[in-house]
Amino acid sequence: MRSTFRVPLTLPANIRSSTRLPFLQVAKTATAMIISWGLAAVLFPGELPVFGTIAALLVVQPSVNQSVGRAIERSIGVIFGVIIAYVVGLLFGANTWIVLLAIVASLVISWALKLTPGTANQIPISVMLVLSLGATNPEYAVARIVETVLGAAIGVIVNIAIVPPVLTGPARTAVLDLGREIASTLDRLAVALTSRPTPGERDALLIEARLLRPMEKKAEAALNAADESLTLNPRQAKHRVELEHDQQLFARLRPLITRSLGMTRAFHDHYDDSLAEEPTIAAIADELERSAHDLRLLSRDPDAPAVEPGTETAGIPVLTAPLVISTPNPLHWVLIGSLMEDLRRIHAEITGDDDAA
């Protein structure tokens, strides 16, 4: 009996995304294409309105600002491409080799003019389409340009008219998550200071602290995307204040990442088992917990209640003045001095006391 082995069919990872576009985006694109096709068919009967429909398809982007940019790129690319195709077709005809040479020439022209990739790619596509259709009269060339500009304009209008996207929500979530994770890093360090962690636990403490950097990059990317989504967006007025709040909070959090990582690294590198016996360590740990508490207040959603039920001090800042310590054991003075300086700066950055920093 002959056995067969079947290999499951899977798509390469580089052609799939981890998330889907919102279905609203798909619906908006389809709407723009249908409107463009219908209007172009009325204005230019007898010709399939391919140029206008493609323009509408490409122009509907995740933000209004991107839509406007894509519309400009598409329109300029088609204008250049149609003109090149018209001149080439008029002078040399439209046989196979002429079409290929015209496409190559359009690529060289785009490179020489330092055009953006969107515009540079559109020129040879337009050249190929126009020459392949075999139309070399000026009326056809003008009609394709008008059709493209019409499709691009419809794409922009549809993106503006139908719930223009606003991405401030993901940005706020990313920034607040970053603030809470910095607070958790300080809490973990406070626990480690007053215990005797094993080498593996100290390594894990440092690894967790280092995860703040990817979170920082994620928050920065989310803020940039939110800002992009509000540019030219008619809904931006009521969301701009929210975004500015999150941008300012992110700017305050970034130095705290460096402080938290520095303190964790110093503890990891200079630790010994007698550190927990140092009289000042318990006070430093207490201040770290207070800093974490106040950092959570700073990173709280402005729309959330200030005090959680059953926690009397949840909404009250508890940071004290910076510690004044006596001379530590010579084995620990480098570590304690480093912790104290970073703690002083964290205190200043959380409270907004620039003079203390």
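I call a residue buried under 20% relative accessible area, exposed over 50%, and partly exposed in between (1.4 Å probe, protein chains only). I note that this is a predicted model, in which local features need pLDDT of at least 70, side-chain atom pairs count only at pLDDT 80 or more, and totals for chains, interfaces and linings use all residues. Residues are numbered from 1 along each chain as its sequence is written, and side-chain values use heavy atoms, with hydrogens and water left out.

**Entry 1: Arg-213 and its partners**

I looked up Arg-213 and found it partly exposed because its relative accessibility is 32%. Its side chain meets that of Glu-216 in a salt bridge of 2.9 Å, N to O; the term requires a side-chain nitrogen of Lys or Arg within 4 Å of a carboxyl oxygen of Asp or Glu. Glu-216 is buried, with a relative accessible area of 9%. Arg-213 and Glu-216 are three residues apart in helix 9 (residues 212–230), so about one helical turn separates them. I take helices as DSSP runs (H or I, at least four residues), numbered from the N terminus. Arg-213 and Glu-216 also belong to a network of salt bridges that includes Glu-220 and Arg-254.

Arg-172 is buried because its relative accessibility is 9%, and Asp-246 is buried at 0%.

I then examined Arg-188 and Glu-208, whose side chains form a salt bridge of 3.5 Å, N to O. Here helix 7 supplies Arg-188 and helix 8 (residues 199–210) supplies Glu-208, 20 residues apart. Arg-188 is partly exposed at 24% relative accessibility, and Glu-208 is partly exposed at 33%.

**Entry 2: Asp-286**

I located Asp-286 in helix 11 (residues 279–298). Its relative accessibility is 33%, so I class Asp-286 as partly exposed. A polar contact of 2.9 Å joins its side chain to that of Arg-290; such a contact is a pair of N or O atoms within 3.5 Å, and within protein one must be able to donate a hydrogen and the other to accept it, while residues adjacent in sequence count only if both atoms are side-chain atoms. The C-alpha atoms of Asp-286 and Leu-193 are separated by 10.0 Å, the two residues being 93 apart along the chain.

How values were computed:
Helices (H or I, at least four residues) and strands (E, at least two) are DSSP runs, numbered from the N terminus.
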